[in-house]
Amino acid sequence: MASQTRKRVDAVDSRSASVLVRAKDGSAFSRCDDCKKNVPVALIDMHNCSLEAKIKLNLDAQVVDQAADAKKQERKKPKSKEPKAKKAKVEKGKKVKDPNKPKRPPTAFFVFLDDFRKTFKEANPDSKDVKRVGKEAGEKWRSMSDEDKKPYLDKVAELKAEYEKAMESYKAGEVEEDEAGSDKETAVKEVEEELTDEE
């Protein structure tokens, strides 16, 4: 079977008598006189280059460009190859907790939970499931009335009052240490000045 060669057919442009432009694949394009664009000859009848069409094309192009710009801004590459979580830990560092600072008082539920653990342990000595203890304690706490919760709420109020007193004394102690520390620093500076004066 012999290979058939294609015959090139020259199409006539109905809009203009301009010369046809051929692409590498052989398709024919005609230049529109109104908009100065190359339009495929097969689509020349559908080509509309009126002012309204031009405005619509320009607006569509602007919307697409803005959407593309927005996507590009969202995809910023990280400056360093180190993961952010590790980087944040390195920069911040961990605050050193003062061991002398008083602990905050527990909530009423946690005071109740301490008592509930003891009773649950007596009722179920073999059970070591912490999840089960917490779940049953939560169910019992929700089913309790306000009158049943009152002893725990009262105990929390007492613990909170103790905590506030402890915090006041703790803060007063910090202020005294800061003042004493500044007095010591001034005394050290005075001694150093005297030593330098004697030399």
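Select Glu-136 to begin: at 29% relative accessibility it counts as partly exposed, a class that lies between buried (under 20% relative accessible area) and exposed (over 50%), with a 1.4 Å probe and protein chains only. The model is a predicted one, in which local features need pLDDT of at least 70 and side-chain atom pairs count only at pLDDT 80 or more, while totals for chains, interfaces and linings use all residues. Residues are numbered from 1 along each chain as its sequence is written, and side-chain values use heavy atoms, with hydrogens and water left out.

An α-helix has 3.6 residues a turn, so residues three or four places apart point the same way.

Now widen the selection to α4, residues 130-143, whose 14 residues reach 20 Å from first C-alpha to last, close to the 20 Å expected at 1.5 Å a residue, where the expected span is 1.5 Å times one less than the number of residues. Helices (H or I, at least four residues) and strands (E, at least two) are DSSP runs, numbered from the N terminus. Within α4, colour Val-133, Ala-137, Gly-138 and Trp-141, which are buried. They cover an arc of only 130° around the axis, taken from the directions from the helix axis to the C-beta atoms, and therefore sit on the same side of α4. On the other side, Lys-131, Lys-135, Arg-142 and Ser-143 are exposed.

Next, display the largest nonpolar core, twelve residues in all, including Val-133, Ala-137, Trp-141, Met-144 and Tyr-152; such a core is a set of buried Ala, Val, Leu, Ile, Met, Phe, Trp, Tyr and Cys residues joined through side-chain atoms within 4.5 Å. Its largest share, six residues, comes from α3. Apart from this core lies another, of five residues, among them Cys-35, Val-39, Ile-44 and Cys-49.

Asp-114 counts as partly exposed at 40% relative accessibility, as does Arg-117 at 43%.
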